[in-house]
Amino acid sequence: MKIGIACFPTFGGSGIIATELAHLLAKKHELHLISYDKPVRLEKDGDVSFHKVELLEYPLFERVPCCYSLALASKLADVIRSYKLDIIHAHYAVPNAVSAYLAKQICKDSAKVVTTLHGTDSYLVGSHPSYKEVTQFSMQQSDGLTAVSEYLKERTMTEFNISKEIKVIPNFVDPQEFRRLKKDREQKIICHSSNFRPLKRIPDIIKAFRTASREINCKLLLIGDGPERPKAEKLAKNLEISDRVHFLGNVKNVQEILGKSDLFLLPSEDESFGLAALEAMSCEVPVVASNIGGLKELITHGVDGYLITVGDVEALAEYSLKTLQDPKLQEEFGKNARQKVLKKYTPDKIVPRYENLYNEILKER
Ligand code: GMT
């Protein structure tokens, strides 16, 4: 098969999954990745051809940033024609699925479109009145539509009134890459990684860490960057724990930190899947997370982590301490987490599901 993947190249989970999927599919198929920049996890001299979407800078577009959707559609059409693609797989509906639809029309239906919804593209950005109509249309027009969790499927069906079947294909992680590493210090490491948006509730993590750090020798590693970071740095300073809270910014090899961590915190308000938690689980790291969305499908309370009510900082601290003060429990949860990953979330379990979907759609052609 000849497959084109359109995604965001940034540190977010959708871009990561799209890029990893491209690499894995490239073992059997011809793969093209189309975006405005090289995605973080795209190997330099790998087997995936990268096609950069060039943007025209024009004064008229300054306050009307419509040019990316159009440039992406043109680039997709160009790649479909030049390489005779069978499938365009759009990760994140806005604008990727919309551009893919346009490209398909330009190329007179010669390639089929699969859209994978990752969460915020559906219920946050996509459901905004300015985008809802066009997002709904692009979902409905996709030849195949997938969501990364049951939660996202249900929510999309309710909010968008979609009649098209949405297949749930969860995210995956490479257990060879994301594994336990040897730690050289006794100090406990609590970890979090995200794009530091308000819905990630970084202040809850910092406050819970302060409580935990009064009882045990630990440090907090915060991976990622985003709008909440300056506020979070200020909070750590005000709480006088700056010496133990480390802001690492965007990190390329996140597995090197996760592999040595003892606990992962994800107290988000919303999370369609929680890829960051899955990566931690693969490294045998127990997760304390909110009892919401895709996290409820991923984590089993009292087996491989704990689930708390959103905003319950006390419970976040309590469960963190409970895990870290009991090495046996920490190890048991970590092992259970890894087992779950191996059973349900490895590439060999997930990638064929996308291939089957492509094949089903192409059969109808
Ligand atoms: O968390 C974000 O805001 C980034 C966003 C993205 O597009 O990368 O993440 C979404 O997709 C990830 C990959 O499928 C999921 O693991 C995240 O749960 C989801 N984020 C939200 O639903 C908030």
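Author: Start with the make-up of the shell around the ligand: 6 nonpolar, 9 polar and 4 charged residues. Here Ala, Val, Leu, Ile, Met, Phe, Trp, Tyr, Cys and Pro count as nonpolar, Asp, Glu, Lys and Arg as charged, and the others, Gly among them, as polar.

A word on the source. This is a predicted model, where local features need pLDDT of at least 70 and side-chain atom pairs count only at pLDDT 80 or more, while totals for chains, interfaces and linings use all residues. Residues are numbered from 1 along each chain as its sequence is written, and side-chain values use heavy atoms, with hydrogens and water left out.

Now the neighbours. There are 19 residues around the ligand, and Gly13, Ser14, His118, Tyr123 and Arg197 come nearest. A residue is near a molecule if one of its heavy atoms lies within 4 Å of it.

Next, the polar contacts. A polar contact is a pair of N or O atoms within 3.5 Å; within protein, one must be able to donate a hydrogen and the other to accept it, and residues adjacent in sequence count only if both atoms are side-chain atoms. Arg197 places a polar side-chain atom 2.3 Å from a ligand oxygen. In the side chain of His118, an N or O atom is 2.7 Å from an oxygen of the ligand. Phe273 uses its backbone: a polar atom there is 3.1 Å from a ligand oxygen. Alone, the ligand exposes 480 Å², and the protein buries 94% of that. These accessible areas come from the Shrake-Rupley method with a 1.4 Å probe; for residues, only the protein chains shown count as cover.

Where does the shell come from? Domain 1 (2-172 + 347-362) and domain 2 (188-344) each give at least three residues. Their bounds come from an automatic or database domain assignment. Helix H1 (13-25) and helix H4 (120-123) each supply at least two shell residues. Helices (H or I, at least four residues) are DSSP runs, numbered from the N terminus.
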